[in-house]
Amino acid sequence: MGAVSAFKKYLCFVEMGMKRGFERKWDILGRVIFYGVILVIFSKLWTSVDLLAVGNSKVHTQGLIWYLAISEWIVLSVPLIYIEIESEIRRGDLLYFEGKPISYPTMKISEGIGELLPYLGILGCAGVIFAWALSGSLPEPPFNLLKIVPIGILAGIVSLIVQVAIGLSAHWIQSATPVYWLWQKVGYVLGGVMLPLPLYPDALEKIARASPFPVLLSGAAEGVLYGDSDFLINTMGMLFFWCAASIFLVIGVFQKCQDRMSRDGG
Amino acid sequence: MDAVRVENVCKKFRIRDGQSGFFGQVRNFISPKFRDVNAVQNLSFNIKQGERVAFLGPNGAGKSTTLKMLVGILYPTEGRIEILGKVPWKQRKSLAYKIGNVFGNRSQLWYHLSVKDSFDLFARIYDLEPKTHRHRLKDLVQAFEIQPLLPKGVRQLSLGERMKCELVASLLHRPEILFLDEPTIGLDVTAKLTLRKLIFERSEKEGMTLVLTSHDAGDIGSICDRLLIIHDGTLRLDLPRPDLKSPFTDSSVQEIYRSMSHQCGVV
């Protein structure tokens, strides 16, 4: 099978995922409302707390609103594909995909990418409107907002790949939800979703920087907040590294899963 | 030439030996116990190209396990299997282009897509050229009379309609062997008759080898020309079609199976 033919094969799953994504207009609307609500709450909170008054000059309220808008944009756009994988494993359907000339994890990732794109597009537009309205200005320089698009897409893809590994864990533990919760909650803390990592205690910041979460969840937001000119290259480089690592993780988990399925049944 | 070669195949499953009651559950959690179950033992047979073969046996006899090993989604504990010269569990993906399968209790169609979109997706999965796919689909849609179903969502299909579509999906890439695991399960009499006729005609027209499992004597009598009776994971009888005729006219499978079992000393 040539690379072009393989690409075409999985591209049709991306198309299928996009179609599914656009069909979920009520889910998108719900996420947009939730997105707006948390931005309003946090913008009010930061205005009242006044970070400058507590001796921190690293950030300002307007910047924090953009920071939160960008990190939440990535968090809210990623579809929860682990749920479908988990239910396919529990129903025993995964075994039957093995009889098709297709890779199950690649199929799921492709479908997830298709779903991710409409979410990123719509929530991205909503985020810009909300953050602009709440902060009263665009980030400096405004061009940085365009730079975060490839970062958002790649961060979403890496999150999808990790979700495939999480979903496949259901083969051993029946329910992958606790694993996802662990990933999500640790991500919230170490990813700097609510507050930028430079505001963390030094030790916690070091631990967080060694994990994939900051680059996945707040890499783009930090770049916009601190206006670092190289942030696009640095963040994309780190994302490619974590993308490769998560692909290896999925390959390993899926091979174990395949061996067990072919030996003991689905 | 043999399409299927099976030599001394055994399949063991390791299953959890659970204890009941509260303390049993606690023991299961702390130190689970396992035991091996022989699903298939020393199974050997060959199937020629173009032959239509059925596996018959009670629940748990090892029919579906055998079929899953033949399509490559399970591998045997011992023995050797060759399908069209390929080892199914080692060359699973390349073999998938040459075989088709329908599992009666599993859907291979995408429930959130329309039937037409599902077929188009299959065409891409099997790397079919758009022109080839169009011609093939037109032919199958006419033969199976599913034109009105094409725009319908898969989740809106009745069981009989879905099974027709499942068959079309598995035939799109012109497989040399079609594996069917209880293809008429749950269907009404009319739907069963239609499906049997379609499967038989397609096999005749394309010289396609058929391997099917069923509990329904009608499936076997009207489609197959050879019967393999499996009991307790072993092959008990291998009967050509003439021998099938008398017991398979109107009898229930249980009666036939009982008479066969007596003949081969199972019971």
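Helices are DSSP runs of H or I with at least four residues, strands are runs of E with at least two, and both are numbered from the N terminus.

## About the model

This is a predicted model: local features need pLDDT of at least 70, side-chain atom pairs count only at pLDDT 80 or more, and totals for chains, interfaces and linings use all residues. Residues are numbered from 1 along each chain as its sequence is written, while chains are lettered from A and ligands numbered from 1 in the order in which they are written.

Phe231(A) is found in helix α12 (residues 231–264) of chain A. Phe231(A) counts as buried because it has 21 C-beta neighbours inside 10 Å. Buried means that 20 or more other C-beta atoms lie within 10 Å of the residue's own; 12 or fewer means exposed, and in between means partly exposed, with C-beta atoms placed from the backbone. Setting aside neighbours within four places in sequence, Phe231(A) is in contact with Glu222(A) and Gly223(A). Contact means C-beta atoms, placed from the backbone, within 7 Å. Gln62(A) is 169 residues from Phe231(A) in sequence, and their C-alpha atoms are 20 Å apart.

Helix α9 (residues 177–190) of chain A has 14 residues, which should span 20 Å at 1.5 Å a residue; the end C-alpha atoms are 20 Å apart, which agrees. The expected span is 1.5 Å times one less than the number of residues. Gly192(A) follows α9(A), and its phi is positive, near 65°.

## Chain B and its sheet

Chain B holds 10 helices and 9 strands. It has 267 residues, and 43% of them count as buried. Take the contacts in chain B between residues at least 6 apart in sequence: 72% join residues at least 24 apart.

One open sheet of chain B has 3 strands in the order β2-β1-β4, with antiparallel pairing. Strands pair if DSSP finds at least two bridges between them. β2 (34–48) and β4 (78–83) of chain B stand at the edges with a single partner strand each, so one side of each lacks a neighbour in the sheet. β1(B) and β4(B) pair in the antiparallel sense over 5 bridges. Here Glu7(B) stands opposite Arg80(B) in β4(B).

## Where the chains meet

Chain B has 23 residues in contact with 18 residues of chain A. On chain B, β1 (2–16), α3 (92–96), β5 (99–103) and α4 (115–125) each supply at least two residues of the side that touches chain A.

How values were computed
Two residues are in contact if their C-beta atoms, placed from the backbone, lie within 7 Å.
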